[in-house]
Amino acid sequence: MKKSVYSLVLMDDVVKAVDEKAYRLGTSRSNLINQILAEHLSCVTPEMRMREIFDSMAELIGNSFHIQQQRSASLMTMRTALDFKYRPTINYKIELERIPQDRMGTLRVQIRTQNSTLIELFNSFFVYRAKLESGILAARGCSDYSCDITSGCFVRKLLNSGLDSEQFGDAVSRYLTHLNKTIQIYFSSPQEFSMYSPETEREYMEMLDIYMI
């Protein structure tokens, strides 16, 4: 969305109020004024689009995740606890692009633990998951999948398949819910996961029949 520089004459009290609110929201004076004017004039800004996506996700994911407060309009962070010894936490962070092009945003999944066994299990799961996702997406004509796996952290880009805000919020919610379910199954019994993986893989493919993400 193109931006240009304009001069405005504003009352000092107005500027002070804008600056205080911009600070609380973690944004700039110009960006906040742009959002206020856009909302008043019914124009859609990137921030409004991102808020629509996150509002849709918050409504759909229910009690599966604990949503944390964010200062940035482009971020949404959630966490769940694994049903595993010491109940380690898994953090999910969605960062949306202000101006989407080939991707809508980035997903980061991270396990909060210093336990080397848990980190090894986490990495092992996402090696499997990345191979599954890239293979199925490639078979469906999507070769743009990319991810990165480091110690206790998985990062992948979320594809831009032309969905509107509500559809994309639904797509990400479905994806995260399925991913979290599969992680829980894997950690509950890694040695027996092969018994359950055909069912979770079928569910993943059915999800892609609705949305490519």
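**View 1. The whole chain and its contacts.** In this predicted model, residues 24 or more positions apart account for 56% of the contacts in the chain with a separation of 6 or more. The chain holds six helices and six strands, and from the N terminus on these elements follow the order α-α-α-β-β-β-β-α-β-β-α-α. The C-alpha trace spans about 65 × 40 × 30 Å along its principal axes, and 42% of the 213 residues count as buried.

View 2. Six strands with antiparallel pairing make up an open sheet, in the order S1-S2-S3-S4-S6-S5. Because strand S1 (66-68) and strand S5 (147-150) each have a single partner strand, they stand at the edges, and one side of each is left without a neighbour in the sheet. From one strand to the next, the twist averages 20 degrees.

**View 3. Strands S5 and S6 with helix H4.** Strand S5 runs antiparallel to strand S6 (residues 153-159), to which four bridges join it, and Ile149 stands opposite Phe154 in S6. Helix H4 (residues 116-139) lies across strand S3 (89-96), strand S4 (103-112), S5 and S6, and runs at about 20 degrees to S6.

**View 4. The largest nonpolar core around Leu176.** This core has 46 residues, and those with the most contacts inside it are Ile94 and Leu176. Among the elements that give two or more residues to this core are helix H3 (46-60), strand S2 (75-81), helix H5 (165-188) and helix H6 (193-210). Leaving aside residues up to four places away in sequence, Leu176 touches Met57, Phe65, Met78, Tyr92, Ile94 and Leu107.

Technical notes. Residues numbered from 1 in each chain as written. Predicted model: local features only at pLDDT ≥ 70, side-chain atom pairs only at ≥ 80, totals over all residues. Heavy atoms only, no water. Pairing = 2+ DSSP bridges. Axes fitted to C-alpha atoms, helices over the stretch in contact; angles between N-to-C directions. Contact = heavy atoms within 4.5 Å. Core = buried A, V, L, I, M, F, W, Y, C linked by side-chain atoms within 4.5 Å. Buried < 20%, exposed > 50% of the residue type's maximum accessible area, 1.4 Å probe, protein only.
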